[in-house]
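Hi everyone, thanks for coming.

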Amino acid sequence: MADTLLLGLFDDVAPAADAIHDLRELGVPENRITVMSNIPYTPKMLGLTPPRQWFLPFIALGALGGAGIAFFITYITPYLYEIHVGGQPLTPFAPSAIMYFEFTALGSMVMAFLSFLLQNRFPVLRKQIYDERITDGYIGVQTQVGDSLLDAAVNVFEANHARILNRESAKAYKSPGMMHLAFWGAVGVLALGAVLTPLLLTYRIVKIPWLDGMNKSPAIGYQEGPRRAEPEGSVPINGPVLIAGQPASERIEASEESVTRGQMLFDINCAMCHGLGAGGDGPLKKYLPEIPALTDTRIQDMSEDEIFLVITLGRNRMPAIGENLTPGETWDVVNYVHSLGATSE
Amino acid sequence: MLESRAEVRPYWDKPIPEDEADAHELKHFRQEDLLMDANSPAETNDIALNAMKSTGLGFWMAVGFTGLLVALLLGTWGLQIVSGLGVTGLNRSVMWGPYIANLVFFIGIGHAGTFISAALRMMHMDFRRPISRAAETVTLFGLSAAALFPLIHVGRVWKIYYMFPIPDERRLWPNFRSPLLWDATAITAYMLGSTLFMYAALLPDLAMARDHTTGWRHQLYKALALGWRGSLGEWMRLEKLANILGYVIVPVMFSVHTIVSYDFAMAVQPGWHSTIFGPFFIAGALFSGVAAVIMVLIVLRKTMRLGYFLREQHFNSLGIFLMLLSIVWGYFYFNEWIVTWYGNLSAEQAILKMLTGQLAPLFYLMLVVNVVIPLGTLWSRRVRTSLPAMFVICVGVQIGMYLERILIVPGFLSRSELPFNWVNYTPHLPEILITIGTFGLLSFLYIIWTRVVPIIPVWEVHEGQAFQSTRRVGRGLFTSHTDMH
Amino acid sequence: MAETNEQGHKWTMIVDLDKCTGCNACVVACHAENNVPIASEDEVIRGRGMHWIRIERYWEGEYPDVQARFIPVFCQQCGNAPCEPVCPTYASYHSTEQNVNVQVYNRCVGTRYCGNNCPYKVRFFNWWTPEWDGPLTEQLNPDVTVRSAGVMEKCTFCIQRIRRAENDATAQNRNLQDGEVMPACAQACPSRALVFGDLYDPESQVSQRLPAERQFKLLENLGTEPAVYYLKGEDTHVGE
């Protein structure tokens with residue numbers, strides 16, 4: 001046996017109230033009667049008992065939550081990173097009072113609104129009986145009756161001059177089931193995302209480089225050599241110019257002078273691994289046994305350009321020395337390394 | 001079978017009394033009183049909806065013009081961020097200028113909205129019915145515009161999140177002992193609360209718009225109305241919610257401008273360090289806010305054919321309110337003045353001397369437009385019900401209240417304890433452009449809003465009309481309201 | 001007048017106005033030490049002069065009996081600093097170890113509340129990105145942050161020198177000696193009008209010289225408890 005949903009439109013509140021009275025007489029329970037209007041009528045006018053409302057627990061929860069946030073902000077965070085200002089105590093009462101007031105008020109307002117939505121099952125995600133003339137001042141009375149009462153109920157509507165607009169089986173209006181849960185779940189996920197996304201920035205997981213501010217000082221640092229003025233008309237480049245098939249940057253030919261310079265630079269930059277004299281016996285040999293002796297034929301057979309590249313860019317475990325040496329200095333070291341082969345032969 | 005009952009005519013379809021004198025009296029009531037002038041809800045709905053859909057040439061010109069001002073605001077701000085705050089006229093002693101004055105001013109404008117709709121609602125004042133939403137909208141956009149100014153004001157806006165209470169890698173939380181953060185919290189609470197309050201009262205009207213529109217508007221209102229049907233339970237919960245929010249939001253409203261005043265009163269700057277600043281600022285905020293609401297209502301009535309809803313009676317009531325606020329503001333200003341004058345502290349004397357000296361034109365203009373003109377004219381009902389006169393008075397009040405903030409912020413700051421640091425402040429182009437642009441932003445948002453949302457709370461008007469009737473006392477006929485609450 | 005405290009220091013400056021000649025050497029020294037940007041003439045006219053220490057000049061008396069008075073004013077390193085609690089980001093706070101008022105540039109968002117709330121007006125805002133002409137960039141102090149636009153700054157009692165001396169003393173496992181720390185201004189003062197030291201150290205020069213009959217503090221009535229003592233013997237006090 002299927003129930004039928006009836007919707008009647010009344011011109012005024014008086015016949016609507018009469019109809020409700022008559023329906024109650026027929027034995028239709030109060031929770032099967034819904035009144036719709038464009039202005040707030042009171043239960044007293046309609047002869048209904050006021051529906052139950054659930055604001056207080058929500059407001060209490062919101063107020064407590066707000067107060068909790070205020071407590072965290074005013075009493076916990078100062079201790080997380082203790083900073084003293086202006087001769088004030090760490091957690092003075094007066095500013096905390098303001099925070100308690102604001103957050104308690106905010107929490108109760110938000111939760112009151114949430115409670116309003118939940119009590120009304122807003123947003124409504126299912127089909128519901130309604131007529132557009134209700135916002136034009138007509139009063140809609142919706143009731144759900146079984147087949148046995150249907151005719152009597154229709155008669156009640158007609159006797160009170162209502163227009164019957166809907167006589168549908170109640171089956172067409174299914175409860176939304178899980179849809180509401182899904183909706184509020186999605187809202188919750190979005191809210192959580194909105195709360196957590198800023199953390200990507202504040203924890204600098206996503207970095208915005210131009211916001212770095214004062215990290216880099218234009219001052220000359222302690223480890224920085226004196227800045228030399230460039231020669232007239234020169235174009236500054238960083239590191240060697242590498243062009244395929246061509247020697248890297250302008251080569252400095254081997255000369256006694258160049259080799260002497262190269263030895264000095266080698267002793268500073270390379271000897272801790274390759275050893276003084278390049279025998280592959282520097283102090284770091286015991287940690288990195290694969291350090292080669294540069295007097296090896298394998299090394300000596302390499303072209304000068306290749307050695308230049310190895311020094312500049314590094315190879316295997318050997319770090320790039322390029323940023324410590326200018327191209328000219330690198331050529332000096334290359335010349336020195338090659339001169340080692342010449343002497344050992 | 002039930003007997004067919006007698007037909008009852010709806011409240012808007014009451015018969016005209018047979019007695020000629022009564023009929024005449026009733027006609028008079030209908031002219032005077034919106035709540036007596038009940039038409040069928042279908043008709044009044046149409047007035048509100050047609051106003052919303054009216055997008056003529058004037059509308060597009062207004063949108064274009066205010067849109068240009070918004071572009072001006074954003075452009076100037078962008079330039080200021082790129083080149084630094086040096087482009088403004090601020091200096092070492094006057095570190096806060098019109099940006100902070102604007103913050104106070106726009107928050108102030110936002111105060112009347114909630115006061116009119118929440119406080120007057122709690123007091124069951126019927127004249128609030130058609131104007132509450134227009135007033136709430138002023139709150140919403142006034143606060144939005146105001147919320148821009150802390151951002152415009154600070155030196156490194158890209159680091160503004162340092163002021164938010166969110167965990168970050170520095171392990172440092174903001175200092176909630178700073179009045180600036182009390183301020184931010186209070187404004188956030190107020191703005192969220194006002195938005196919820198407004199949205200809740202908007203639901204029945206969104207449902208009304210949903211029922212009478214097609215196309216994109218229908219889809220929009222359908223989504224926004226959340227499925228409102230106006231059932232008894234929904235109405236009762238709405239009333240309850242409005243009461244709860246109202247009782248919470250009025251104290252929050254008072255706290256907001258008190259805390260704004262704390263930004264100044266907590267400082268040791270002479271002239272600022274005063275215990276009366278809280279109530280003084282609230283009075284000023286309500287004063288400029290009510291004036292702003294009156295101006296908005298006049299414009300709405302003129303441009304959107306809302307004469308049916310916005311009648312002389314409303315401007316009359318608001319005019320009385322404005323006059324009272326003028327008295328309150330004048331009283332607080334006098335207090336502030338005489339205490340400072342009698343105290344005779346040297347730095348404060350320097351400020352008083354400056355007010356009556358080089359800043360005298362601004363100072364006296366403020367007193368004239370804030371006190372002399374309102375008190376001198378608003379006692380007359382003819383002035384209160386004349387729209388042009390009210391508009392001029394309200395523009396005057398806005399100018400006066402803006403001047404008050406300018407005098408307090410960059411004005412007082414230019415005098416301090418050590419005379420070596422005395423400077424004078426003159427605004428430069430960016431401040432002026434940004435201020436103008438913000439007025440444009442406020443108007444722009446408001447104009448768009450009036451075309452998207454029913455700006456008249458039609459259901460509140462209908463509610464008032466349904467319970468308004470006449471009652472005979474002795475030989476006379478009077479209007480009488482049935483209070484359901 | 002040595003104050004006692006188990007730990008930390010109370011860095012204090014004495015300004016002997018009777019010795020000060022108003023030569024501005026301290027101002028120049030401070031600019032060099034602390035990377036203080038140099039405001040152009042136009043900027044100074046607009047009231048944006050930037051000197052962490054400045055010589056305030058006042059005229060006393062009516063013409064022709066006019067006397068020029070000057071008083072060096074810099075951050076008073078208040079014990080109860082009005083600038084500190086108003087900062088929303090803790091950029092301005094009280095260092096409990098050194099008992100000075102510290103400014104952390106990288107925390108500053110530039111609300112300028114501290115500047116308003118400072119009765120001495122010794123806090124400076126970077127209205128523009130600071131620039132130095134030509135070779136002046138080569139002498140910037142690497143120990144001191146070069147501030148960007150939109151940030152507040154002020155005298156720190158040369159906190160970088162204090163820190164270095166403290167670190168050295170800790171490394172050598174000894175106590176700080178009086179005179180080991182000297183801010184750039186005191187170092188440059190030809191007439192020794194500026195004396196710097198630790199008030200918690202009873203042997204220090206400042207402890208020995210205080211309390212002095214000639215002493216006063218600037219705007220003492222505000223209760224800010226400055227750590228700067230001015231000495232002035234003859235005539236009237238300045239700035240009180």
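Predicted model: local features only at pLDDT ≥ 70, side-chain atom pairs only at ≥ 80, totals over all residues.

Residues are numbered from 1 along each chain as its sequence is written, and chains are lettered from A and ligands numbered from 1 in the order in which they are written.

Okay, chain B. It has 16 helices and two strands; those are DSSP runs, H or I of at least four residues for helices, E of at least two for strands, numbered from the N terminus. Of its 485 residues, 50% are buried, where buried is 20 or more other C-beta atoms within 10 Å of a residue's own, with C-beta atoms placed from the backbone. Its C-alpha atoms fill a box of roughly 95 × 55 × 45 Å along the principal axes.

Now, how many residues does each chain bring to the contact? Chain A gives 66 and chain B gives 65, with a contact being C-beta atoms, placed from the backbone, within 7 Å. On the chain A side, α4(A) gives the most, with 14 residues.

Last stop: Asp198(C), which sits in strand β8 (residues 194-198) of chain C. Is Asp198(C) buried or exposed? Buried, because it has 27 C-beta neighbours inside 10 Å. Asp198(C) touches several residues, including His9(C) and Trp11(C). Trp11(C) is 187 residues away from Asp198(C) in sequence, yet 4.6 Å away in space, C-alpha to C-alpha.

Note on methods:
Contact = placed C-beta atoms within 7 Å. Buried ≥ 20, exposed ≤ 12 C-beta atoms within 10 Å, placed from the backbone. Lists of a residue's contacts leave out its neighbours within four places in sequence.
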